[in-house]
Amino acid sequence: MEKLKDNHVREELMKKLQEECLIQPDTRIVSEMCVCRGTSRVDIVVINGVIHGYEIKSESDTLIRLPSQVSDYNRVFDRVTIVTAHDYLEKVREIVPEWWGIISVTNKNGKAVLKKMKKGRKNPSQDALALVQLLWKDEALSILKERGLHKGYLSKPKQQIFERLAQMVPLKELRLEVNKLLKRREGWRVH
């Protein structure tokens, strides 16, 4: 039997997420979001009350990049769920933090079958700078302007704007602002 590939798993996961999100009209689902200045790219992100990253590891994937992805995703997302081939379950449990959710994928005659193994919890240690780096420069500036913190920063490089934002706005408020702006954003692949 042919191994399941990323696109097989992604298709099933996307169907499941779209069904769940029908009851939440204020939700966006985004494919392939870069995080931590492009060092990692998460497969699917659901943005509603939280920013929830989903990383897929199909039968055709390896787990080589997973430790660095874990480090990056832990800095950014409110919640993370790994969607992994059943054969990788034990190894994945050793690599991902306790608070991550886990969905197992089995290959039933070439079809990806998803089964929730563990519901995740909220991230206990987000990094404000990594979170604001999800924004575009004009989005970050809009938050500074709303709070009167923009003076001297309008023409600064993007990284300095992000650093100011991360230093001056409490993480709890940043989560709300980033969430709101990402849901409104135009110009990326949304499903």
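Residues are numbered from 1 along each chain as its sequence is written, and side-chain values use heavy atoms, with hydrogens and water left out. Because the model is predicted, local features need pLDDT of at least 70 and side-chain atom pairs count only at pLDDT 80 or more, while totals for chains, interfaces and linings use all residues.

**The sheet**

Start by selecting the six strands, which make an open sheet in the order β1-β2-β3-β4-β5-β6 with mixed pairing. Strands here are DSSP runs of E with at least two residues, helices are runs of H or I with at least four residues, and both are numbered from the N terminus. Two strands pair if DSSP finds at least two bridges between them. The edges are β1 (28-35) and β6, each of which pairs on one side only. From one strand to the next the twist averages 30°; axes are lines fitted to C-alpha atoms, for helices over the stretch in contact, and angles run from 0 to 180 degrees between N-to-C directions.

Select β1 with β2 (residues 40-47): the two run antiparallel and are joined by seven bridges. Cysteine 34 stands opposite arginine 41 in β2. Contact means heavy atoms within 4.5 Å.

Move to β5 (residues 101-108), where six of the eight residues are buried. Buried means under 20% relative accessible area, exposed over 50%, and partly exposed in between (1.4 Å probe, protein chains only). With β4 (residues 79-85), β5 pairs in the parallel sense over five bridges, and threonine 84 faces serine 104 in β5 as its opposite. Follow the chain from β4 through helix α3 (residues 89-95) to β5: this β-α-β crossover is right-handed. That is, with the strands pointing away from the viewer, the path from the first strand over the helix to the second runs clockwise.

With β6 (residues 111-118), β5 runs antiparallel over seven bridges. Isoleucine 103 has lysine 116 in β6 as its bridge partner. The hairpin of β5 and β6 has two residues between the strands, and asparagine 109 in the turn shows a positive phi of about 55°.

Select helix α2 (residues 66-76); its buried residues include Leu66, Gln69, Val70 and Tyr73. Among the elements covering the buried residues of α2 are β1, β2, β3, β4, α3 and α4 (128-132).

Next pick glutamate 55 in strand β3 (residues 51-57). Glutamate 55 is buried, at a relative accessible area of 2%. Its side chain makes a polar contact of 2.7 Å with that of tyrosine 73. A polar contact is a pair of N or O atoms within 3.5 Å; within protein, one must be able to donate a hydrogen and the other to accept it, and residues adjacent in sequence count only if both atoms are side-chain atoms. Leaving out residues up to four places away in sequence, glutamate 55 also touches Arg41, Gln69 and Thr81, among others.

**The cysteines**

Finish at cysteine 34, which is partly exposed at 42% relative accessible area. Cysteine 36 is buried, at 8% relative accessibility.
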